[in-house]
Each structure stands twice: as C-alpha cells, then as structure tokens.
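Please take a moment with the sequence and the model before I walk through the parts I would like us to look at together.

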Amino acid sequence: MPNPKIVILGTGGTIAGEAAESTQGVGYRAGQISVQGLIAAVPDLPRIAAGCTGAVLDAVQLAQVDSKDMDWRVWRTLLKATAQALDDADIQALVITHGTDTLEETAWLLQVVLQPGKPVVLTCAMRPATSLQADGPQNLRDAVAVAAAGRCGVWVAAAGEVHAARQVLKAHPYRLNAMHSYEGGPCAYVEEGRVRWVVTPATACSAWPQADLQALLGRGELPWVEVLQSGAVQSARAVNALVAAGVQGLVVAGTGNATVHQQLLQALLQARERGVMVWCTTRCLEGQAVGQSIDRGGPAADDVGETCLMDEINVQLCKAADAQALDCVLLAPSKARVAMMLQLARNS
Ligand code: SIN
C-alpha cells in the first residue's frame with residue numbers, strides 16, 4: 001500500500017454529543033461535535049494510526065444523527081462510503097463514529113452486505129464529549145488501534161473491548177461498558193493502544209455481488225419489517241393491524257426456543273398465507289433458537305402448531321440455501337430484522 005490511510009467516518013451519536021453542564025450524563029444533544037473535533041480530543045491519534053504501516057488519518061463527516069433516528073438515507077450513505085473505501089487501494093481501514101442505540105444494527109448491516117476484507121471499526125460513547133466522564137476519546141483511540149491492527153471484518157470497539165458485528169448488542173442504558181457480546185464474550189481487548197485478540201471469529205461469508213449492492217443502494221426505502229414480541233397475554237391484534245397496513249415482514253422475538261403464544265401463532269400463519277415473510281427468533285438474551293426440522297426433514301402435514309411454524313421457517317430458510325438467511329433464525333431480533341429487510345430487498 002503506497003500511501004496507507006485510516007479514514008474516520010463521523011455519523012453522530014453521544015460520542016459527538018454536547019451537554020449544557022460537564023456533570024450532565026443524560027439529557028444532552030447527540031451528534032453536535034464534528035469528526036475533526038473528536039480527533040482533536042485524542043492527542044496521539046496519528047501515532048496510533050501509524051502503527052507499523054505508517055498510515056495517516058483522514059476524516060469525513062457523513063451525518064450528524066442521534067442513532068435512535070437512524071434511517072435508510074444515512075445507512076445508504078454509509079454503505080456507499082464504506083463500499084468505496086473498501087475498493088480504494090490506499091485505504092487500509094475505516095473507523096465509524098456512531099451512537100450506541102442502533103450500533104448493533106449498523107454493524108450487522110455492514111457485515112452482511114459488504115463482508116469487508118479490511119477492518120471496519122465502529123465506535124461510540126455513553127457520555128457526551130463535554131462530560132467529566134467522557135469515554136469517547138479513549139474509545140476512538142482504541143478503535144483506531146483496532147483499525148491499525150489489520151484484522152478484517154466489522155468490529156465494535158468500546159470500553160476497552162472489541163466485539164464482532166454478529167454478537168454485539170447494547171445491554172445497558174447507562175453504564176460505560178454498555179456494549180456486550182453474549183456468550184463467548186468480546187473478541188479482543190485494547191490495552192494501552194495494543195489489541196489482544198482472544199477469539200478467532202467465524203469464517204466470513206461472501207459479500208453481496210456488485211449488481212445486488214447497486215440495486216440496494218438505488219432503493220428509495222427498505223422493505224417494511226417490524227419486530228413483535230411474544231409473551232404472556234397475547235392477542236392477534238398487532239399482527240392483524242400490521243398486515244392490514246401492508247407490512248412486508250414480521251420478526252417475532254419468541255419465548256424460549258423461539259416459541260410463540262397460540263393467539264399470535266394463528267395470526268402469523270395467516271399473515272404468511274397473505275405473503276408476509278415471518279421469521280421467529282428468541283427474546284432470550286443468551287443462546288440461540290435451536291432449529292428442529294433441519295434434522296427431521298420437514299413438518300408433518302397435520303402438525304399445525306408452533307413447532308410447525310418453526311419447521312416451516314427452517315425448511316424455507318434451508319431451501320434458500322443461503323447460510324446468512326439460515327443464520328437469521330439464530331440472530332437477536334434487532335439483527336434478524338435487518339437481515340429480513342435485506343432479504344426482502346434482494347428478492348424484490
Ligand atoms: C445515539 O445512539 O446516537 C445516542 C445514544 C448514544 O450514542 O449512546
């Protein structure tokens with residue numbers, strides 16, 4: 001690489017947040033400080049970026065949003081910028097500053113669609129830049145260290161930990177170490193600017209073909225997919241209302257092993273008959289739904305129950321012969337929703 005660069009893309013979030021008082025850790029405005037301002041707060045960032053390749057830093061402000069309001073317009077801009085950077089021979093790695101609230105979804109989107117062959121490291125903060133306890137500068141420094149370390153894939157660097165896009169979830173509304181990898185823990189730790197990997201991530205799938213990526217980027221909006229949770233005292237009303245309103249996909253955050261309340265189940269089966277894509281994952285914070293029909297060879301004709309719903313979903317996903325789609329049953333609901341929007345976009 002003749003002129004290696006690490007590019008920092010700013011999208012907003014608490015890391016760029018400003019409060020009226022330095023003691024204020026809530027009630028501030030996210031997405032106020034420029035990406036150049038974030039860089040300026042870390043004195044030795046150029047040295048960390050230089051690592052052993054001599055990479056220099058560059059920065060681009062792509063958006064300035066509170067990530068609770070993340071939308072397709074910003075996602076599309078980010079996807080485009082990331083895809084271009086992955087194709088640019090001078091760019092060694094990317095760092096993306098982002099809010100914590102939907103970071104797990106953005107990380108998953110970039111991983112699924114682009115399967116980056118370079119490091120793409122998202123980072124964030126739980127306190128605004130003006131706080132006495134601002135965690136953004138250290139997180140940015142750690143993210144640049146992870147970017148310079150050269151391991152390809154989408155990572156999240158926060159609170160000294162490095163999480164894989166597949167596992168990371170926001171697990172706490174306030175703590176500085178809010179980002180969490182369930183089961184197996186973080187993939188690495190960043191200590192004094194050095195990255196210590198403890199997990200070898202699963203082998204990557206392939207990126208979307210160029211034609212599919214261009215078709216996705218050309219879309220005015222993503223298909224409409226909602227997450228519904230199954231629990232005690234459930235009715236069919238939410239499903240029926242969504243179907244009547246034209247929803248295209250439903251992800252059910254099911255109980256336990258991706259089971260659903262019988263009141264909800266009938267409505268979901270009817271929704272599927274009307275062409276709505278339905279997937280069921282688990283609302284459990286740890287583990288993943290264990291599919292049944294993959295080994296049993298499909299549902300019995302008279303078995304119309306929740307097992308059947310799981311069976312049908314699994315058979316459908318197996319038929320798709322798409323490892324990423326099959327994996328969706330095993331994803332947390334927030335990421336299954338992203339995966340379904342992408343799947344529907346690709347099918348249409
Ligand atoms: C946001 O997600 O943009 C605000 C909250 C945060 O970054 O922690």
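This is a predicted model: local features need pLDDT of at least 70, side-chain atom pairs count only at pLDDT 80 or more; totals for chains, interfaces and linings use all residues.

As for the overall picture, the chain holds 12 helices and 13 strands, and of its 348 residues 51% are buried. If we take the contacts between residues at least 6 apart in sequence, 73% of them join residues at least 24 apart. The chain exposes about 15300 Å², and carbon and sulfur atoms supply 50% of that area.

Now to the sheet of eight strands, which is open and mixed in its pairing, with the order E2-E1-E3-E4-E5-E6-E9-E10. Its edges are formed by strand E2, residues 56–65, and by strand E10, residues 194–197, each of which pairs on one side only. From one strand to the next, the twist averages 25°. Within this sheet, strand E1, residues 5–12, runs parallel to strand E3, residues 91–97, with six bridges between them, and Val7 stands opposite Leu94 in E3.

Helix H5, residues 136–149, packs on this sheet and touches E1, E2, E3, E4, E5, E6, E9 and E10, while its direction makes about 155° with that of E3.

Let me turn to two individual residues. Ser181 lies in strand E8, residues 179–181, and it counts as buried because its relative accessibility is 5%, which is under the 20% cut-off. The side chain of Ser181 makes a polar contact of 2.7 Å with that of His163, and, if we set aside neighbours within four places in sequence, Ser181 is in contact with His163, Ala164, Gln167 and Pro186.

Arg76, by contrast, is in helix H3, residues 72–87, and at 22% relative accessibility it counts as partly exposed. Which residues does Arg76 touch, not counting those up to four places away in sequence? They are Leu217, Arg219 and Gly220; between Arg76 and Leu217 there are 141 residues in sequence, yet their C-alpha atoms are 6.0 Å apart in space.

Finally, there is an open sheet of three strands in the order E11-E12-E13, with parallel pairing. Strand E11, residues 225–229, and strand E13, residues 277–282, stand at the edges with a single partner strand each, so that one side of each has no neighbour in the sheet. Neighbouring strands here are turned by 20° against each other on average, direction ignored. Strand E12, residues 249–254, is joined to E13 by six bridges, and the bridge partner of Val251 in E13 is Trp279.

Two helices lie across E11, E12 and E13: helix H8, residues 262–273, runs at about 155° to E12, and helix H12, residues 333–347, runs at about 155° to E13. Thank you, and I am glad to take questions.

Methods: Residues are numbered from 1 along each chain as its sequence is written. Side-chain values use heavy atoms; hydrogens and water are left out. Helices (H or I, at least four residues) and strands (E, at least two) are DSSP runs, numbered from the N terminus. Buried means under 20% relative accessible area, exposed over 50%, partly exposed in between (1.4 Å probe, protein chains only). Contact means heavy atoms within 4.5 Å. Accessible areas come from the Shrake-Rupley method with a 1.4 Å probe; for residues, only the protein chains shown count as cover. Two strands pair if DSSP finds at least two bridges between them. Axes are lines fitted to C-alpha atoms, for helices over the stretch in contact, and angles run from 0 to 180 degrees between N-to-C directions. A polar contact is a pair of N or O atoms within 3.5 Å; within protein, one must be able to donate a hydrogen and the other to accept it, and residues adjacent in sequence count only if both atoms are side-chain atoms.
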